[in-house]
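Here is a briefing on the packing and strand pairing of one protein model. Read it alongside the sequence and coordinates.

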Amino acid sequence: MHTLPADHTTIAAAAHLLRQGQLVAFPTETVYGLGADATNPEAVRRIFAAKGRPVDHPLIVHIPDLASLDQWAQNIPDSALKLAAHFWPGPLAIILNKQPSVPLEVTGGQTTVGLRMPNHPVALQLLQAFGGGIAAPSANRFCRISPTQASHVNEELGAAVALILEGGPCQVGVESTIIDLSGLHPHLLRPGQISRAAIETVLGESVLISAPTQVRTSGMMAVHYAPATRALRCPSERLPELYQQLSRQHKKIGLMVSQHLVDTAPAAQILMPKDADLYAQALYASLRKLDSLHLDIILIEQPPDHDDWQAIHDRLSKASARL
Ligand code: TXA
Ligand code: MG
């Protein structure tokens, strides 16, 4: 059996596989992760091979508790302790200076390491059972949409994974917020459910946004999280006209919209939630569904221009072009 419901026995089996240097996929609150023993360079190399990911793209190490932070990081600033105490377990990854013992395979050759304590019972039980750090990127092939369900992991990686722990759909649905605290000032590297404003409130200082060229993070690349089908973002008011135009060209069109904007076959239309958290939860599964329909184009109604939608705008901008 390859995908198994997560319970006491299968989690123990997964921890055993990790100790043997195998790959195990597991649910977190954000997306499913592809895990390996973060102290085993050979196991970590398997992650890169399975994903087809360039080896200089660093991985996040998942840890079971705040107390293990200094096994992985050194010169930890107070700001990191403040954020971890406030947001962990939760969808926040913190970049810190690494301990010399952290393999360079994990950090993509960098002297910093990304750390996160996930807020998912299965992930936490796995971390406890394993008793160490688990390096885990999202369990998708490089540049593809992150998996938010166990079946997505199977589609993406199949036999490359020794075991997939089934833990239902992910609640958050987009990857963690990444904050870099390894330098003089905090930098936001990737927006997520935890907003820049929420981080600034806890830190009592402003957080800078890194320009994509300054950071070596795969999540910051322009083409990422992308469906194979061409996707286009479009403001609500222009969508009906564009739809008619494409229909006249006999294009097969998929729609990701928050309301009925055009008369269309329901099969290729996904009505998205109007709440940002619920939208994020549904985002990747919806893109994946439309991508599987062999359409010519996916039209995505531009979501509201509001702070709560920052992570969604970021992911949509990587999945689609703008009209
Ligand atoms: O929500 C998440 O963070 C999920 C779940 C599984 O925890 N993981 C995830 O991992 O999204 P991944 O590898 O797909 O994205 C992690 C991002 C990458 O863009 C990576 O380059 C960046 O974190 N990253 C990791 N360590 C870093 C470091 N030392 N410096 C800069 N960026 C780093
Ligand atoms: Mg990823």
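A nonpolar core is a set of buried Ala, Val, Leu, Ile, Met, Phe, Trp, Tyr and Cys residues joined through side-chain atoms within 4.5 Å. Buried means under 20% relative accessible area, with a 1.4 Å probe and protein chains only. This is a predicted model: local features need pLDDT of at least 70, side-chain atom pairs count only at pLDDT 80 or more, and totals for chains, interfaces and linings use all residues. Residues are numbered from 1 along each chain as its sequence is written, and side-chain values use heavy atoms, without hydrogens or water.

**Nonpolar cores**
- The largest nonpolar core holds 47 residues; Leu83, Trp88, Leu92, Ile94, Leu115 and Ile199 have the most contacts inside it.
- Elements that each supply at least two residues of this core include strand E3 (33-37), helix H2 (41-51), strand E6 (92-98) and helix H8 (196-203). Helices (H or I, at least four residues) and strands (E, at least two) are DSSP runs, numbered from the N terminus.
- H2 gives the largest share of this core, five residues.
- Another core lies apart from it, with 25 residues, among them Met272, Tyr279, Leu295 and Ala319.

**Strand E13**
- Four of the five residues of E13 (residues 230-234) are buried, so this strand is largely enclosed by the rest of the structure.
- E13 pairs with E16 (residues 297-301) in the parallel sense over five bridges; pairing requires at least two DSSP bridges between the strands. Ala231 has Ile298 as its bridge partner in E16.
- E13 also pairs with E17 (residues 321-322), in the parallel sense over two bridges. Leu232 has Ala321 as its bridge partner in E17.

Methods. Chains are lettered from A and ligands numbered from 1 in the order in which they are written. Buried means under 20% relative accessible area, exposed over 50%, partly exposed in between (1.4 Å probe, protein chains only).
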